[in-house]
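Reader: Hi! Could you walk me through this one, pockets and aromatic contacts included?

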Amino acid sequence: MAPCHVVKCCQRGLSWIPVIFINLVVCWSYYAYVVELCICKFIYLLVFHVFFFMFIWSYWKTIISKPASPSKEFCLPKVDKELYEKEENPEAQQEILKRVARNLPIYTRTGSGAIRYCDRCQLIKPDRCHHCSTCDRCVLKMDHHCPWVNNCVGFSNYKFFVLFLAYSMLYCVYIAATVLQYFIKFWTNHLPDTHAKFHVLFLFFVAAMFFISILSLFSYHLWLVGKNRTTIEAFRAPVFRNGPDKNGFTLGFRKNVTQVFGDQKKCWCLPIYSSLGDGYTFPTRLVNADSEQGNAEHQAIKW
């Protein structure tokens, strides 16, 4: 037990290395831009500090937001859990899960049509919930595990993650754009021969490099928001009762955006929680269609 505990502690410590690296780069960029360059233009420093503050705020909100996990409602009752563990026949186990799942708001299945059950957490997975091997827990509306924030990106912090990408991209492109004039002076030998010239050189290259890499990732997640999909669902379509459907949770572009950012536009740009829903149930195109069809059939029978 002791060696395993030591290994886990070492893994937890090493997992913070990417976060420490990002914070060191950001601190250096602040020092190089504000102290070394000594840009005296008030408007430059004002805009810089706005982007810097929003970037740090959204970044740490993504880090410290605890991933939301399913409640005890999705755990098997004690009697059913004992029957499930004693039963060796997979079909009989599925019957137990189906009986319990009847009282739960679950519409997605596995690829074979079975109830989605996590043997590690010993619970029935809600829709869009997946088990993270790094966090060792089931995460509601899991998107992916991000090493740069040392956290799982899911229902509780996906909005913060998207804003973190947006503000980090703006932070980098602003630095690159305002340092460009000093970068040109560096290559034309019109910049004073001080140690600040090396900060100018690296500041421009680092900002441009991070901007290019973040731009592609940010564009991809904007596309996911517009489609109301997670990264996992983009690679593996969710399976409903009628079969797999990659657009099962798509409600239209406007409603898809409000699912993540909320219905109050004044909160969209702030890393304040405003996402809709509870993380357990989600409006789906197929379920709505099934309910409408059922209501139509009921009215026809009544008529």
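Author: Happy to; we can go through the pockets, the aromatic contacts, a helix, some backbone angles and a cavity. Keep in mind that this is a predicted model.

Reader: Great. How much space lies in the largest pocket?

Author: The largest pocket holds about 530 Å³ of space. Its lining is made up of 17 residues, and Arg-12, Thr-134, Cys-135, His-145 and Asn-150 are the ones nearest its centre.

Reader: Which helices supply at least two residues of that lining?

Author: α1 (2–14) and α3 (42–64) each do. The largest share comes from α1, with three residues.

Reader: And how do the lining residues of the largest pocket divide by class?

Author: There are five nonpolar, seven polar and five charged residues in the lining of the largest pocket.

Reader: What about the second largest pocket, what lies nearest its centre?

Author: Ile-22, Phe-164, Ser-168, Phe-210 and Ile-214 do, out of 24 lining residues. The space in the second largest pocket is about 450 Å³. At least two lining residues come from each of α2 (17–36), β5 (144–146), α6 (158–187) and α7 (196–227).

Reader: How do the residues lining the second largest pocket divide by class?

Author: That lining has 20 nonpolar and four polar residues, and no charged ones.

Reader: Switching to aromatics: how many aromatic pairs does the count come to?

Author: The count comes to 24 aromatic pairs. One of them joins Phe-155 and Tyr-273 in an edge-to-face arrangement, with 6.2 Å from centre to centre and 70° between the planes.

Reader: Nice. Which parts does that pair tie together?

Author: Phe-155 is in the loop between β6 (151–153) and α6, while Tyr-273 is in the loop between α9 (253–261) and α10 (285–302), so the pair ties together parts that lie 118 residues apart in sequence.

Reader: Which rings does Arg-128 lie over?

Author: Arg-128 lies over the face of Phe-249, 4.2 Å from the ring centre. The charged end of Arg-128 also sits over the ring of Phe-282, at 5.0 Å from its centre.

Reader: Which residues of α2 are buried?

Author: Pro-18, Val-19, Ile-22, Asn-23, Val-26, Ser-29, Ala-32, Tyr-33 and Glu-36 are buried. Among them, Tyr-33 belongs to the ring cluster, and Ile-22 is one of the residues nearest the centre of the second largest pocket.

Reader: What about the backbone, where is Gln-122 and what is its phi?

Author: Gln-122 is in the loop between β1 (117–118) and β2 (123–124). Its phi is positive, about 55°, although Gln-122 is not a glycine. Most residues other than glycine have a negative phi. Gln-122 counts as partly exposed, at 31% relative accessibility.

Reader: And Asp-136, what is its phi?

Author: Asp-136 has a positive phi too, near 60°. Asp-136 is in the loop between β3 (130–132) and β4 (137–139), and is partly exposed with a relative accessible area of 39%.

Reader: Last topic, the largest cavity: what is its volume and which residues line it?

Author: The volume of the largest cavity is about 40 Å³. Lys-141, Phe-155, Tyr-158, Gln-259, Val-260, Ser-275 and Leu-276 line it. By class, that makes four nonpolar, two polar and one charged.

Key. Residues are numbered from 1 along each chain as its sequence is written. This is a predicted model: local features need pLDDT of at least 70, side-chain atom pairs count only at pLDDT 80 or more; totals for chains, interfaces and linings use all residues. Side-chain values use heavy atoms; hydrogens and water are left out. On a 1 Å grid over the protein atoms alone, a cavity is a set of points where a 1.4 Å probe fits but cannot get out, and a pocket is an open set with protein on both sides within 12 Å along at least five of seven lines; lining residues have an atom within 4 Å of a point. Grid points are joined across faces, edges and corners, and a volume is the space filled by probe spheres set on the points. Helices (H or I, at least four residues) and strands (E, at least two) are DSSP runs, numbered from the N terminus. Ala, Val, Leu, Ile, Met, Phe, Trp, Tyr, Cys and Pro count as nonpolar, Asp, Glu, Lys and Arg as charged, and the others, Gly among them, as polar. Rings of Phe, Tyr and Trp (its six-membered ring) pair if their centres lie within 6.5 Å; planes under 30 degrees apart count as stacked, over 60 as edge-to-face and the rest as tilted. A charge sits over a ring if NZ of Lys or CZ of Arg is within 6 Å of the ring centre and within 35 degrees of the ring normal. Buried means under 20% relative accessible area, exposed over 50%, partly exposed in between (1.4 Å probe, protein chains only).
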